[in-house]
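Keep the sequence and the 3D view open while reading.

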Amino acid sequence: MKYVKAIWQFVAYLFWPQKTDKTRYDIKDNMEIQELLNYTQAQFEDLRQLMTELSDRVNFTQTDLMMVLRDENCHLYAILDGERIVGCVTLCIFHSPTGTKASVEDVVVSSAYRGQHLGKQ
């Protein structure tokens, strides 16, 4: 439950940004939140490690990542410390008879970065 406020702050930023650049948001020092549109091999390995921290049953592949990045209704946001991905969240947008909705999925921060209040920045 302690992450709920940070998640809602992040979702609010996505829908009502104070900046014109919707794909990048500075949070502290050399860290930023950025929509992931492409990636390096090292960043894929960072994401794979994060997915194992989220669930040890996940077998995250580059095919999985490419499917997310190519889906116009999925937006994968990463917390970057320099070029390293230290956290991520997926925003999934879908349409139903009652309107457009969004779902926040796969929220995870590297165990080495937890407790730094990155979501509150």
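Q: Is Arg84 buried, partly exposed or exposed?
A: This is a predicted model. Arg84 has a relative accessibility of 47%. The band between 20% and 50% is the middle class, so Arg84 counts as partly exposed.

Q: Which residue forms a salt bridge with Arg84?
A: Arg84 lies in strand S4, and its partner lies in helix H2. The pair therefore ties together parts that are 38 residues apart in sequence. The closest N and O atoms are 2.2 Å apart. The partner is Asp46.

Q: Is Asp46 buried or exposed?
A: Asp46 has a relative accessible area of 7%. The limit for a buried residue is under 20%. So Asp46 is buried.

Q: How many salt bridges does the structure hold?
A: Arg84 and Asp46 form one of them. The side chains of Arg48 and Glu45 meet in another, at 2.8 Å from N to O. Glu53 and Arg114 also meet in a salt bridge, at 3.0 Å. The structure holds three.

Q: In which helix do Arg48 and Glu45 both lie?
A: Arg48 is partly exposed at 34% relative accessibility, and Glu45 is partly exposed at 33%. The two are three residues apart, about one turn of the helix. That helix is H2.

Q: How many residues apart are Glu53 and Arg114?
A: Their side chains meet in a salt bridge. Glu53 is in helix H2, while Arg114 is in the segment after S5. The pair links distant parts of the chain, 61 residues apart.

Q: Which element gives the most to the largest nonpolar core?
A: This core has 14 residues. Leu47, Leu50, Leu65, Ile85 and Cys88 have the most contacts inside it. Helix H2, strand S3 and strand S4 each give two or more residues. The one that gives the most, with four residues, is H2.

Q: Which residues does Ile85 touch, not counting those up to four places away in sequence?
A: Ile85 is among the residues with the most contacts inside the largest core. Leaving out its sequence neighbours up to four places away, its contacts are Leu36, Gln43, Asp46, Leu47, Leu50, Ala78, Ile79 and Leu80.

Q: How many disulfides does a search of the whole structure find?
A: Cys74 is in no disulfide, and its nearest cysteine sulfur is that of Cys92. The search covers the whole structure, and the number found is zero.

Q: Which side chain makes a polar contact with the side chain of Glu35?
A: Glu35 sits in strand S2, residues 31-35. It counts as buried, at 12% relative accessibility. The contact spans 2.7 Å, and the partner is His75.

Q: Is Glu83 buried or exposed?
A: Glu83 is placed in the loop between S3 and S4. Its relative accessible area is 60%. The limit for this class is over 50%, so Glu83 is exposed.

Q: What separates the C-alpha atoms of Glu83 and Met31?
A: Along the chain, Glu83 and Met31 are 52 residues apart.

Q: What value is phi of Asp106 near?
A: Asp106 lies in strand S5, residues 99-109, and counts as partly exposed at 37% relative accessibility. Most residues other than glycine have a negative phi. Asp106 has a positive one, near 50 degrees.

Q: In which helix is confidence highest?
A: The mean pLDDT of the protein is 82, and 76% of its residues reach 70 or more. Confidence is lowest in helix H1, residues 4-15, at a mean of 56. The highest mean is 97, in helix H3.

Definitions and conventions. Residues are numbered from 1 along each chain as its sequence is written. This is a predicted model: local features need pLDDT of at least 70, side-chain atom pairs count only at pLDDT 80 or more; totals for chains, interfaces and linings use all residues. Side-chain values use heavy atoms; hydrogens and water are left out. A nonpolar core is a set of buried Ala, Val, Leu, Ile, Met, Phe, Trp, Tyr and Cys residues joined through side-chain atoms within 4.5 Å. Buried means under 20% relative accessible area, exposed over 50%, partly exposed in between (1.4 Å probe, protein chains only). Contact means heavy atoms within 4.5 Å. A disulfide is a pair of cysteine sulfur atoms within 2.5 Å. pLDDT is the predictor's confidence in each residue, from 0 to 100. A polar contact is a pair of N or O atoms within 3.5 Å; within protein, one must be able to donate a hydrogen and the other to accept it, and residues adjacent in sequence count only if both atoms are side-chain atoms. A salt bridge is a side-chain nitrogen of Lys or Arg within 4 Å of a carboxyl oxygen of Asp or Glu.
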